[in-house]
Amino acid sequence: MPVKNRFAELHADITAWRRDLHENPEILFDTHRTSALVADKLKAFGCDEIVTGIGRTGVVGIIKGKTDTSGKVIGLRADMDALPIHEQTGLEYASKTDGAMHACGHDGHTAMLLGAAQYLAETRNFDGTVVLIFQPAEEGGGGGREMCEDGLMERWGVQEVYGMHNWPGLPTGQFAIRTGPFFAATDQFDIYVEGKGGHAAKPHETVDTTVMSAQLVLALQTIASRNADPVDQVVVSVTSFETSSKAFNVIPQKVHLKGTVRTMSAEMRDLAETRINAIASGIAATFGGVADVDYHRGYPVMANHDAQTEFAAEVARSVSGNCDDAPLVMGGEDFAFMLEERPGAYILVGNGEGASVHHPEYNFNDEAIPAGCSWWAGIVEQRMPAA
Ligand SMILES: [Zn+2]
Ligand SMILES: [Zn+2]
């Protein structure tokens, strides 16, 4: 089964949906237009059940196969949200909303899963049930977690769940996957440093928060270089350094540092949190100040399951001839919450050359649509073969 012929026929339609979504990006949970468009299309395709409002603006569509002797239920998930980025592509279908842009290709993901839904509803050439999952707020809001908390997996008896993301740099329509930890846990921290402000010409009368915080930024790099086992992955990045004074001649009373932590295991995540607390309080004490740390845990590690990964790769090979080994990705992905609840796998589909995701010149590559849709259809037809 290479690319399915039906998707060559539907390619123009799916491209038009994708470009319409691109022109009308919506952020986090505010995917009202997008969710309504998805629900309308699923209805037009003749899905057996459509439920909105799962995980606030999430949409679920059910398609039953010609038979259901297998009792199998497979979830297919796409994300729908855009990013708070000002688009600079110059495309004729560029974002009409200032400060919002489909810069991660979720327009393409939504359109491809809709294309697969149309085909599956037309053909129903499988033995079991498909649960189409369209989630909001992948980019930081935890929409996947909220859909799970609303009972997504239990309500429809989902047994396995699959996800897909486009990948710039990977040849168009080519697939790549890996088993086990794949995308990183993404945490954030605030560090509030306090000393004793004063005149910049009399540093001896102050407790200098700037010097203290500069030492702290450097010391935090020892978590990766001195605390973590060199074969494990951990990133600690301080991304914001804000002092309570903007003057040339004042030593500020307070400094606020912000940053992010990326890890690939629960042990490394715990280590990073423990060490950030210890280093912050230790450095501050050394210089006579204090530091308070607020550590916020975000998305967990997204880990693919062995059997489903092998199956997902097999389907990818049947579509595109082969399937590459994907690298570890230190970005986060809230499909992690779904893979914590059910076995499943997440695959990358090539977006070809061009800007990376989250760049203002990024664009989803419509030429990847037939391969992506064929993979979705293959997951269903090969996992639940027609009786
Ligand atoms: Zn993204
Ligand atoms: Zn994304």
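## Close-up views of the predicted model

**View 1. His-358 counts as partly exposed, at 41% relative accessibility.** The view is taken from a predicted model. His-358 lies in the loop that joins strand E16 (344-352) to H11. Although His-358 is not a glycine, its phi is positive, at about 75 degrees.

**View 2. Arg-124 has a positive phi in the loop between H3 and strand E4 (129-135).** The phi angle of Arg-124 is near 50 degrees, and this residue is other than glycine. Arg-124 counts as buried because its relative accessibility is 17%, below the 20% limit for that class.

**View 3. The zinc ion (ligand 2) is coordinated by Cys-104, His-106 and His-165.** The donor atoms are SG of Cys-104 and NE2 of both His-106 and His-165, at 2.1 to 2.3 Å. Along the chain, the donors of the zinc ion (ligand 2) follow the spacing C-x1-H-x58-H. A distance of 3.1 Å separates the zinc ion (ligand 2) from the zinc ion (ligand 1). Cys-104 coordinates both of these ions. Both Cys-104 and His-106 are buried.

**View 4. An open sheet of 4 strands has the order E10-E12-E8-E13.** The pairing in this sheet is antiparallel. Its edge strands are strand E10 (234-243) and strand E13 (290-299), each of which pairs on one side only. On average, and with direction ignored, neighbouring strands of the sheet are turned by 20 degrees against each other. In general, the strands of a sheet pair through backbone hydrogen bonds, in either a parallel or an antiparallel manner. Strand E8 (residues 185-194) pairs with E13 in the antiparallel sense over 9 bridges. Within this pair, Ile-191 stands opposite Val-293 in E13.

**View 5. Helix H1 (residues 5-23) contains a kink centred on His-11.** The kink in H1 is of about 50 degrees. H1 has 19 residues, and its first and last C-alpha atoms are 28 Å apart, close to the 27 Å expected at 1.5 Å a residue. Among the buried residues of H1 are Phe-7, Leu-10, His-11, Ile-14, Trp-17, Arg-18 and Leu-21. Residues three or four places apart in an α-helix point the same way, because there are 3.6 residues a turn. Thr-15 and His-22 also belong to the buried set of H1. The buried residues of H1 pack against helix H2 (32-45), helix H3 (106-123) and helix H11 (369-383).

**View 6. Pro-84 is located in the loop between strand E3 (73-79) and H3.** Pro-84 is exposed because its relative accessible area is 63%, over the 50% limit for that class. When residues up to four places away in sequence are not counted, Pro-84 touches Ile-27 and Gly-99. Pro-84 and Ala-278 are 194 residues apart along the chain, and their C-alpha atoms are separated by 34 Å.

Note on methods
Residues numbered from 1 in each chain as written. Chains lettered and ligands numbered in written order. Predicted model: local features only at pLDDT ≥ 70, side-chain atom pairs only at ≥ 80, totals over all residues. Heavy atoms only, no water. Pairing = 2+ DSSP bridges. Helix = DSSP H or I, 4+ residues; strand = E, 2+ residues; numbered from the N terminus. Axes fitted to C-alpha atoms, helices over the stretch in contact; angles between N-to-C directions. Expected span 1.5 Å × (residues − 1). Bend = angle between axes of the 7 residues up to and from the residue. Buried < 20%, exposed > 50% of the residue type's maximum accessible area, 1.4 Å probe, protein only. Contact = heavy atoms within 4.5 Å. Donors = N, O, S within 2.8 Å, 3.2 Å for Na, K, Ca; no water.
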